[in-house]
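Here are a few notes to read alongside the model.

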Amino acid sequence: MEQQAFTRAHAARVWRLIYSYWTSEQKLSAWALLLIVLGGNFALVYMNVLFNEWQRGFGNSLQKYDAAAFWSSIAYFGWLAAIYIAIAGARYYLRMWLRIRWRTWLTNRYQGAWLRNKAFYKLKLIGTQVDNPDQRIADDLNNFTEQTMTLFFGLINAVSTLASFSVILWGLSSTLPLTIGAAQYQIPGFLFWGALVYAATGTWLTHLIGRRLIPLNFQQERVEADYRFNLMRLRENLESVALYGGEEVENERLRERFHRVIDNFHRLIRTGFKVDMFNSGYSQVSVVVPYLVIAPVYFSQRLEFGLLTQTAGAFGRVQDSLSFFIDAYQNIAAWRAVTMRLTQFTAAVDELDERVTDISQVVRAHAPQPSVQALDIARPDGEPLLNGLDLQLTAGDSLLIHGASGSGKSTLLRTLAGVWPYARGRIELPSDGVLFVPQRPYLPIGTLREALLYPERKPIDDEQLQQVLHDVRLERLGTQLDTVEDWAQTLSGGEQQRIAFARILLRRPHWLFLDEASSALDEPSEQALYQLLRERLPHTAIVSVGHRSTLRAFHRNQLELDGHGGWHIAHAATVIA
Ligand SMILES: Nc1ncnc2c1ncn2[C@@H]1O[C@H](COP(=O)(O)OP(=O)(O)OP(=O)(O)O)[C@@H](O)[C@H]1O
């Protein structure tokens with residue numbers, strides 16, 4: 001089971017996870033809300049003290065058959081209850097508001113860290129053990145804010161209740177002697193000590209019974225996230241699965257993942273059941289324990305009924321707040337698991353740059369024209385793909401990279417784009433006007449307009465968009481610019497690649513790198529699109545990765561890779577355009 005040792009670095013990360021929001025640019029509003037909610041908490045504790053005092057007068061009115069006192073007691077109770085409800089309601093609302101603000105801030109931060117410097121891609125490539133980072137952002141952050149606040153306010157509540165009722169209990173102890181059989185003892189604060197011993201024993205027993213909950217909760221988060229991810233992958237690949245007839249295998253695989261969820265859940269239930277049984281028994285016994293302690297004095301008829309109920313109430317409150325850890329045990333276990341998943345994520349992102357610097361020995365610089373010098377590229381296992389490549393591009397250049405499948409063509413483009421770390425040498429690229437186009441153009445779920453502009457967001461007028469759609473022979477989509485669709489699922493592979501070409505025409509890059517960007521198109525269409533690029537962007541240098549020999553006609557130079565480090569550049573005799 002993946003677990004993180006509780007090291008100092010881990011403790012520091014947990015601390016940072018907790019305090020970062022409270023020292024952020026939102027700290028003023030955060031602290032203001034927190035203080036108001038805390039104020040509400042203390043007010044409610046004070047109300048409970050008033051209720052406890054009320055119990056005494058109320059009990060005595062019953063014992064003395066005093067109807068007038070009884071009704072005025074009820075009226076007083078009505079007032080107290082109304083104020084209590086108002087404070088509790090306001091506190092709930094503000095607490096939820098604070099939680100939403102905290103979650104939003106943390107989500108922005110985590111999402112930002114994941115997307116910054118292409119960390120999302122590198123995390124996967126360098127193989128740091130972080131499962132389902134997306135779900136850590138969505139689920140774990142939500143759980144973290146909720147559980148932290150529940151625990152924190154629970155703790156504050158317990159401590160303040162304990163403090164106020166301990167004083168009451170201590171005072172009440174001095175008016176009552178501890179009676180065991182016929183003997184009486186004067187022990188200062190014995191009711192308080194009784195509650196303390198009782199609750200401490202309970203806490204210790206709960207810990208013994210429930211300590212396995214922490215690793216089990218951790219594992220539960222993980223298997224749940226895995227199951228969800230597998231469902232999502234199926235949804236992303238519906239057509240492939242349907243065409244391969246992979247339903248049975250998928251069903252089997254999903255069932256197997258779900259089985260892990262249930263399997264771990266059973267273990268959670270078994271431990272949770274024991275903790276829960278113990279808790280229920282403990283709370284039942286707690287109802288009678290204070291009466292058992294005071295009954296001997298009461299039956300010796302030296303105690304008013306009101307004082308008995310007040311003492312029992314105060315004893316219950318003290319014991320209740322001391323039992324905070326018993327009740328919160330499951331929450332603490334879940335909180336620790338969620339915290340571990342989140343700090344693991346930050347640790348992986350924090351260490352990423354260091355790891356990339358350890359692996360990559362590429363010097364990158366800005367220059368007016370792209371060039372590479374003495375570039376070595378390897379597979380992650382160290383096997384060389386390319387040794388000592390020297391290359392220089394000038395405006396309007398064209399270079400076709402070819403070689404057997406797996407020879408490292410895409411990896412060369414990845415290295416130029418700065419996402420492949422297993423490399424050494426010098427890479428110079430202009431600071432703007434560079435565009436890399438992958439084989440599968442990413443089409444976000446949204447309008448066709450957004451898909452065409454991706455990743456830019458600057459608005460472009462409809463005529464221009466319709467014109468480029470026409471140019472890439474997708475004029476039929478011209479009327480659907482504002483249709484929201486999962487375009488990657490509805491357009492054919494070739495049509496998606498046409499969208500990628502439309503993007504190029506809109507972006508007008510000076511330096512264009514195409515990684516099999518026309519592989520799904522028929523040869524005449526591919527030629528027409530290259531022709532179009534040449535006509536519309538005559539000064540753009542084009543570097544293409546491709547297998548088809550027909551592409552050669554559009555490139556002045558050809559770089560051939562042998563997949564073992566060797567490479568060779570040839571110059572074409574004739575070039576179209
Ligand atoms: N993320 C990765 N982890 C491990 N190995 C990888 C990874 N990506 C690529 N490789 C390996 O690097 C080698 C080069 O891959 P690359 O994708 O560059 O090949 P290619 O020449 O573009 O192939 P094709 O023509 O099939 O697209 C392959 O052996 C591939 O298995």
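1. Residues 151-170 are 100% helix and 0% strand, with end C-alpha atoms 27 Å apart. Residues 190-210 are likewise 100% helix and 0% strand, and their end C-alpha atoms lie 30 Å apart. Helices (H or I, at least four residues) and strands (E, at least two) are DSSP runs, numbered from the N terminus.

2. Please keep in mind that this is a predicted model: local features need pLDDT of at least 70, side-chain atom pairs count only at pLDDT 80 or more, and totals for chains, interfaces and linings use all residues. Residues are numbered from 1 along each chain as its sequence is written.

3. An unreviewed UniProt entry lists "transmembrane region" for residues 28-49, 69-94, 151-170 and 190-210. The positions follow the numbering used here, feature names are shortened, and annotations may be inferred rather than shown by experiment.

4. Strand S4 (residues 371-378) runs antiparallel to S5 (residues 384-392), with five bridges joining them; strands pair if DSSP finds at least two bridges between them. Val-372 has Leu-391 as its bridge partner in S5. Five residues separate the two strands of this hairpin, and Gly-382 in the turn has a positive phi of about 95°.

5. S4 is also joined by five bridges to S7 (residues 423-429), again antiparallel. Here Gln-373 is partnered with Arg-426 of S7.

6. What surrounds the ligand? The residues around it include Arg-379, Pro-380, Lys-409 and Thr-411, where near means a C-beta atom, placed from the backbone, within 6 Å. Helix H13 (residues 409-417) gives the largest share of this shell, three residues.
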